[in-house]
Each structure stands twice: as structure tokens, then as C-alpha cells.
Amino acid sequence: MRVRAFAKINLSLRVLGARADGYHELRTIFQSIALHDTLTIRAARGPFRLTCDDPQCPSDDTNLIWRAAERLWRAAGRRGAARDIAVDVEKRIPLNGGLGGGSSDAAATLRALGRLWGIEEREVRAAAKELGADVPYFLEGGTVLGVERGDLLFPLIDRPAAWVVLVLPEFGVSTKEAFAWFDEAARGGGDRSPERHALRVAEEMVNDLEAPVAARYPAVARIARALRKAGAIHAGMSGSGSAVFGLFGRRTDAFRTAGALASRARRTIVTRTLNRSKYQALAAK
Ligand code: C5P
């Protein structure tokens, strides 16, 4: 069985405050894009096995694919460690880019093994929520509003299709760190005073993690500016970074910009937004 695990960008990501459980209360708009990993899942006698064509990608039980398999194995009422399944991953979504690759791989695993092992959808959804705040989104796809930890979802009407230029700096950002930097800036007041912040929350299409990340990595802000200057309809950091995206109406503008912004220090990828019906049709294949 081959399944595709699509990436996402966050068209907007507002951080409303810190929660008692260590997470942050969010209001974010997720958007699926065509860039994807491919998982090949097959029966193979013996302990659960995971291989990945990208050496940076862990192939042990720290990988969310492994944890998704273990979680569903237990949901299926089986004892011991998951077994008799092998997963091979063609990794195309950059790691630590804020594009949701790990979470999407986990959701694709849940969908595939859930079907294989006859697990109720309710159980699959519960497993997704436990694996990570972004995982439930990848069971849905398209344009979706996420609140609470980003895991209470309200599907929105699909946005008009757009070409997406992804600019991938050579550094990655850990999600945990990005949120910690946000908290640090909020404690420091300044632009992050509650009043200023409340005003900024009223605006749409802003990523509240962008300023604290750009304070450590100024390239993030520079790339977003360059994308806007090149005519992007909208540009910003995705999730907790480090990937920065620009939306374009025309294919030629997207490719021209991707060519102009690529350098030794950063890779660029041109892809497209994916609406919900396409996402669901392609992800389920
Ligand atoms: O849920 P996930 O494991 O993907 O989250 C990684 C980290 O990102 C969390 O441990 C937390 O520090 C931070 N996070 C957060 N608020 C969210 C989502 C993630 O603080 N809504």
C-alpha cells in the first residue's frame, strides 16, 4: 500500500496565550500543499520496521510513524510491540521547516493502518490528537481553521488555488523552541504587551511566531520581504519555521521568484495549494 502524506503551510498563526498544559492556545489557518512524502506500507514478518531515504529522518521509535503504529496496535487490542509491518518513507517534506511533515506522516500511517486493522474512525481521531497538536489536521486537509492547541478544527471554504514558493533556509527551527522564544518576548513586554498583542490579533494573516524566530534568524524576515517584493499575494513563515512561503497567482511568477531566491544558503521548491476534495482523494489512494 502506497500513501501520500501532504505538507501544510499556516496562512496565519495567532498565539492567544500560554495554557496550563504547556501548550499554547492558537488560532491558525492550515492550508494543504501538493508537496508530499510517500509511505509504502507492507506486510513483513518480524518486529515493526521503518526505513527512510533521508538520513536526517529518524527511523526508530522517536519517529511519529513508529509511535502512530504502536498507538493503533494497542487500539486494535493487540499485545506487545507492533509487528509484521514495514514502512518505507520517501521523504520530500523538509524536516524542522514548519511544514508538518512528521505530523502528516503520522496521520497517513493512522489512516492506512486504521483501514488495514479495521479500527473505528473515532479511535483513529483520538490517536491523532494524542500524537501531536498538528496530526488531526492531516486527517482533514484543505483550508481549515484550528483553535485550542490547533487541534479543534473547523473546515473553511477552500481558498482560491495558488502557486506556492517555499524558501527553505539551511537552518531548521524546533517547534518547542519557537514557542519558548514567543513566551520570552511576551514576558519582555514591548511590542508583545497584552494591549499591543490584542490589537495585532485582530489582524488576519499574521504568524506570531515569525518575529521571535526572526529575532534569532534574521534571514526569515529578509526572505518574507523578498517574496513580497517579488509580487507574492501573501508571504510569511510557516508554523514555527524555518520555511517561508509566498503565494502567487501565476505559475511563471512562482518559478521566476523561486529561481531568483535560491542560493547556496537556501533551497526553493515550487508547489501548489491543494483543496480538501483533492487532498482527500489523493491521500486516500
Ligand atoms: O504537539 P507537538 O508535539 O507537535 O508540539 C511540539 C511542541 O510545540 C510542544 O511540546 C509545545 O512546546 C509546542 N506547542 C505549543 N502549543 C501548541 C502546539 C505546540 O506550545 N498549540
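Which polar side-chain atom lies 2.7 Å from an oxygen atom of the ligand? Select His24 to find out: a polar atom of the His24 side chain is at that distance from a ligand oxygen. A polar contact here is a pair of N or O atoms within 3.5 Å; within protein, one must be able to donate a hydrogen and the other to accept it, and residues adjacent in sequence count only if both atoms are side-chain atoms.

Before moving on, a word on the model. It is predicted, so local features need pLDDT of at least 70 and side-chain atom pairs count only at pLDDT 80 or more, while totals for chains, interfaces and linings use all residues. Residues are numbered from 1 along each chain as its sequence is written, and side-chain values use heavy atoms, with hydrogens and water left out.

**Stop 1: around the ligand**

Show the residues near the ligand (a heavy atom within 4 Å of it); among them are Gly22, Tyr23, Leu26, Thr175 and Phe179. Next pick Lys176, where an N or O atom of the side chain is 3.3 Å from a ligand oxygen. Arg149 uses its backbone instead: an N or O atom there lies 3.0 Å from a nitrogen of the ligand. For another example, go to Trp163, which has Arg272 over its face at 4.5 Å from the ring centre.

**Stop 2: aromatic rings**

The whole structure holds 8 aromatic pairs. Rings of Phe, Tyr and Trp (its six-membered ring) pair if their centres lie within 6.5 Å; planes under 30 degrees apart are stacked, over 60 edge-to-face, and the rest tilted. Select Phe171 and Tyr217, a stacked pair with 4.0 Å between centres and 5° between planes. Phe171 is in the loop between strand S7 and helix H5, Tyr217 in the loop between helices H7 and H8, and the two are 46 residues apart. Helices (H or I, at least four residues) and strands (E, at least two) are DSSP runs, numbered from the N terminus. Buried means under 20%, exposed over 50%, and partly exposed in between (1.4 Å probe, protein chains only).

**Stop 3: helix H3 and its cover**

Colour residues 121–131, helix H3, and pick out its buried members Val124, Ala127, Ala128 and Leu131. Looking down the axis, they fall within an arc of 105°, so they line one face of H3; the arc is that of the directions from the helix axis to the C-beta atoms. On the face turned away, find the exposed Arg122 and Glu130. Helices H1, H2 and H4 are included in what covers the buried residues.

Step into H2 and select Thr109, which is buried at 1% relative accessible area. Beyond residues up to four places away in sequence, Thr109 touches Leu39, Ile65, Ala68, Ala69 and Gly114, where contact means heavy atoms within 4.5 Å.

**Last stop: Pro94**

Finish in the loop between strand S4 and H2, where Pro94 lies. Pro94 counts as buried, at 15% relative accessibility. Leaving aside neighbours within four places in sequence, its contacts are Leu35, Leu99, Leu168 and Arg267.

Notes
Lys NZ or Arg CZ within 6 Å of the ring centre and 35° of its normal.
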